[in-house]
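User: I'm new to this one and would like to walk through its charged and aromatic side chains. Could you show it to me?

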Amino acid sequence: MVDQLPQWAALAPALTLAGTGLLLLLVDTINPKARSNTSMAVVSALGALTSLAFTVWFVVAGTGHADTGGAIYLLADAIKVDTLALFFTAIFASVTALVVVAAHDYFHDHESPAEFYSLVLFAATGMALLAVANSLAVVFVALEMASLPSYALVAFLKENRGSVEASLKYFLVGAVSSAIFVFGISLVYAATGSLILGDVAAGMVDIDGMAGLAGLGIVMMIGGVAFKTAAVPFHFWAPEAYEGAPAPVSAFLSSASKAAGFVVAFRVFTEAFPLGASLAAGIDWTLAFAVIAVVTMTLGNFAAAVQENVKRMLAYSSVGHAGYALIGLAALSAGSDGNSAVMGAAMAHLLVYGFMNTGAFLFVAMAERWGVGRTFADYAGLAKRAPVASTAMAVFMFSLAGLPPFSGFFSKYFLFMGAIDNGFVWLAAIGALNSVISLYYYSRVVKALFIDDPASQSALDAIDVRPTGLYAAVIVAAVATVLLLPGFGPVIETAEAAASALF
């Protein structure tokens, strides 16, 4: 049935997100009195879930797969819909659905909630376009489409000084990184004469006297990707933005936005600068990403270990997980049969991470809604009054730490084994060591929830409030994290099949 649809229908997931965002904006503009927080949240969630349904349908039908005719190219090859794009779009749509459901309770008393829902959907649309971008020009435009709403979302609590300050820092650093990224694109274009990824790769074969120009362009693009993924040394915006932003926005940025940065990195560097080809420009980007991966995971974990604020701890934890996912690029080697396995494992880890990290930040949102504070001490004894939500948080923490039998263990296992099979034993060893370190600060959250006693009983009084949307989002994220365990086989197979198309 899918093969009977016109080719442009392959963009249905992205078009659905864009259409829903425009619908919300239209209703809010024409008839603001008709809007309500509940109706806006329901429409947003339905739009995200419809996008997810289209994505899953296309993946099951084999859209863009090599066995069913290969990738679908649109708009003079500037757009490429394949399994890789659909896989990441599923992550964006899933996280978006969880965030908008949770936002129903978080912004229950906000005067204009429609702005939030439309901004989230427009940002998700930009991320979905990043997944299908096959031109460096489309990559940049989609990157800005995802970034601009994000700056506004961080500052959504306009009367909160921390939120506005975090947004300003995020915007200034983002503007500089965007400038660096687009300048790198211009240098690559000058050296190769094209913006289409495949044509850039062809141009890299014989760049004559333009090697230095192309090399500088690649380095600048590495910097742009490092910013978007919150990798060291471009990570410093993340703790500030995640801590100052409303917790649902932190969940969205740390999961969906991070995955958007990785889909750019995976597609651009493997298709535009194939393994070994960038050496002609004097740049070994796999080595660069290996160094960035090691420094990122190490700094992120050690910084998280010394935090007393749970939200800030999760922010640095997010930096550490960027280092793990970068192994998908760092452990690639020319001519190896294991490239698709290690990159597929990184993609599967990002999918699992999307649920467990989003769920963890949404639990923080629930705690903020209760008014119990953000520190480990503030979380003491919460399990006695909110046992279900606290159990879900424990699942997220143990899964993020990579403990068996949670799905985070299996995603890290396949990722580290992929690196080992490709000859990067040292990289897998550093990753495993960092996972052990992370167990310390993740277990602190569980200890506070289930073992520590609250400073006073009055601190738990507000927990009598049961925010339905937040509860639903947290529980769904926890169930998804657990259910990915028996279903991890098909997930890793789909991810590896998607990654194989890049090599």
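Analyst: Before we start, this is a predicted model, where local features need pLDDT of at least 70, side-chain atom pairs count only at pLDDT 80 or more, and totals for chains, interfaces and linings use all residues. Residues are numbered from 1 along each chain as its sequence is written, and side-chain values use heavy atoms, with hydrogens and water left out.

User: Is K80 buried or exposed, and which residue does K80 meet in a salt bridge?

Analyst: A salt bridge here is a side-chain nitrogen of Lys or Arg within 4 Å of a carboxyl oxygen of Asp or Glu. K80 counts as buried because its relative accessibility is 8%, and buried means under 20% relative accessible area, exposed over 50% and partly exposed in between (1.4 Å probe, protein chains only). At 2.7 Å, N to O, K80's salt-bridge partner is E271.

User: How many residues apart are E271 and K80?

Analyst: Helices (H or I, at least four residues) and strands (E, at least two) are DSSP runs, numbered from the N terminus. E271 belongs to helix α10 (residues 247-271) and K80 to strand β2 (residues 79-81), so go by the chain: the pair links distant parts of it. The separation is 191 residues.

User: How many salt bridges does a search of the whole structure find?

Analyst: Side chains of opposite charge can pair when their charged atoms come close. Searching the whole structure gives a total of 10.

User: What kind of aromatic pair do Y170 and W237 make: stacked or edge-to-face?

Analyst: Rings of Phe, Tyr and Trp (its six-membered ring) pair if their centres lie within 6.5 Å; planes under 30 degrees apart count as stacked, over 60 as edge-to-face and the rest as tilted. The count comes to 28 aromatic pairs. For Y170 and W237, the centres are 4.7 Å apart and the planes sit at 10°, so the pair is stacked.

User: And which residue forms an edge-to-face pair with W237?

Analyst: W237 is buried, because its relative accessible area is 4%. The edge-to-face pair has 5.8 Å centre to centre and 85° between the planes, and W237's partner in it is Y242.
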